[in-house]
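Subject: Structure for your review

Hello,

The model we talked about is below, with its sequence.

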Amino acid sequence: MLTEALASLSLPMHDAAVLIPLIAVFGLCIGSFLNVVIARLPKMLEAEWRCDCAALLELPAPETKPLGLSHPPSACPACQAPIKPWQNIPLLSYLLLRGRCAQCKSPISLRYPLVELLTAALSAYAAWHFGFGWALAGALLLLYLLIALTFIDADTQFLPDDLTLPLFGLGLLFNLFGVFVPLHEAVIGALAGYLSLWSVYWLFKLTTGKEGMGYGDFKLLAGLGAWLGWKMLLAIILISSVVGALVGIFLIVSGRQQRGVHIPFGPYLALGGVLALFYGAHINQFIF
């Protein structure tokens with residue numbers, strides 16, 4: 001009887017007219033949470049590292065305010081006025097407040113609603129592409145992790161293990177049941193993804209004496225290999241390399257970036273992963 005009740009509840013979810021808007025609204029809410037992760041996780045890790053360094057050097061622990069993803073409550077960066085619940089509604093509050101703090105009228109970064117819109121749009125597209133099921137659940141988890149990693153890397157040029165390692169583990173977990181690829185393809189993809197960029201890193205370092213990328217990039221590509229399998233790695237690497245090179249050239253030519261300054265590679269790997277998630281078979285067919 002319970003099974004029949006659950007089945008009856010899930011029937012509307014198979015209707016695209018119900019599923020897509022529902023997932024889009026869910027994506028807006030997740031996008032709001034991702035903004036918190038993007039802003040706070042690097043600061044939390046930095047505070048943790050400072051405490052670890054102080055303990056290693058037998059120095060007094062630095063005085064820092066407790067910071068977590070759920071505390072303290074959100075506040076305006078300019079005037080520190082607490083953000084009320086009605087001012088924290090994804091996208092709608094930004095529009096109602098006209099992009100400014102309700103207290104001091106300081107402008108609110110446009111990136112907050114853009115992250116929410118991006119998360120909602122990708123969520124809705126995933127719902128349309130995969131339909132209701134485990135593939136949709138996995139795709140949403142993958143997309144949310146990639147969005148957080150993209151903006152954190154763009155801000156800090158750092159890909160935290162707190163996100164890359166769950167990305168890797170969840171990919172293997174979903175493919176344990178063959179949701180995206182067979183498990184053996186996921187395992188080979190994870191190993192090949194890590195070793196491919198690791199090899200490029202050491203080849204570049206041995207020939208130039210410089211570090212061309214960080215270890216987080218290895219782990220990110222390993223995570224994408226665990227989700228999408230080894231057959232998608234070439235497509236991901238090609239897309240990320242070409243787009244990254246074009247963007248880098250544009251930034252240098254336009255004077256927005258100086259030569260020799262590192263450009264984060266994580267966002268381009270994430271873009272390659274998103275395209276491979278939705279269009280991997282078509283991309284491989286075009287390549288080969």
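D153 sits in helix α5, where helices are DSSP runs of H or I with at least four residues, strands are runs of E with at least two, and both are numbered from the N terminus. With a relative accessible area of 4%, D153 is buried; buried means under 20% relative accessible area, exposed over 50%, and partly exposed in between, using a 1.4 Å probe and protein chains only. Apart from neighbours within four places in sequence, D153 is in contact with F158, L159, D217, P264, F265, G266 and P267, contact being heavy atoms within 4.5 Å. The C-alpha atoms of D153 and G216 lie 9.4 Å apart, although 63 residues separate the two in sequence.

Before the rest, the conventions. This is a predicted model, in which local features need pLDDT of at least 70 and side-chain atom pairs count only at pLDDT 80 or more, while totals for chains, interfaces and linings use all residues. Residues are numbered from 1 along each chain as its sequence is written, and side-chain values use heavy atoms, with hydrogens and water left out.

Helix α8

G216 and D217 also belong to the buried set of α8, together with F218, L220, L221, A222, G223, L224, G225, A226, W227 and L228. Since twelve of its 14 residues are buried, α8 is largely enclosed by the rest of the structure. Its buried residues pack against α5, α6, α7 (183-208), α9 (233-253) and α10. The helix covers residues 215-228, and its 14 residues should span 20 Å at 1.5 Å a residue; the end C-alpha atoms are 20 Å apart, which agrees. The expected span here is 1.5 Å times one less than the number of residues. Just after α8, G229 has a positive phi of about 90 degrees.

Helix α4

The 20 residues of α4 (residues 111-130) should span 28 Å at 1.5 Å a residue, and the distance between the end C-alpha atoms is 28 Å, in agreement. Buried in α4 are P113, V115, E116, T119, A120, L122, S123, A124, A126 and A127. Their cover includes α2 (16-56), α3 (92-96), α5 (134-156) and α10 (266-287).

S32 counts as buried, at 16% relative accessibility.

Loops

Most residues other than glycine have a negative phi. L91 is not a glycine, yet has a positive phi of about 65 degrees; L91 lies in the loop between α2 and α3. Q157, also a residue other than glycine, has a positive phi near 55 degrees. Q157 is in the loop between α5 and α6 (161-175) and is partly exposed, with a relative accessible area of 45%.

A61 is placed in the loop between α2 and α3. At 57% relative accessibility, A61 counts as exposed. Eleven residues separate A61 from R50 in sequence, and their C-alpha atoms are 7.9 Å apart.

Whole chain

The chain has ten helices and zero strands, so the pattern along the sequence reads α-α-α-α-α-α-α-α-α-α. A compact globule of 288 residues would have a radius of gyration near 19 Å, and the 21 Å of the chain agrees with that. The radius is taken over C-alpha atoms, and the globule rule is 2.2 Å times the number of residues to the power 0.38. Along the principal axes, the C-alpha atoms fill a box of roughly 60 × 50 × 45 Å.

Of the 288 residues, 38% are buried. Among contacts with a separation of 6 or more, 72% are between residues 24 or more positions apart. The accessible surface is about 16800 Å², with 69% of it belonging to carbon and sulfur atoms; areas come from the Shrake-Rupley method with a 1.4 Å probe, and for residues only the protein chains shown count as cover.

The mean positions of the 15 positive and 15 negative charges are 14 Å apart. Lys and Arg count as positive and Asp and Glu as negative, without His and the chain ends; each charge is placed at NZ of Lys, CZ of Arg, CG of Asp or CD of Glu.

Regards
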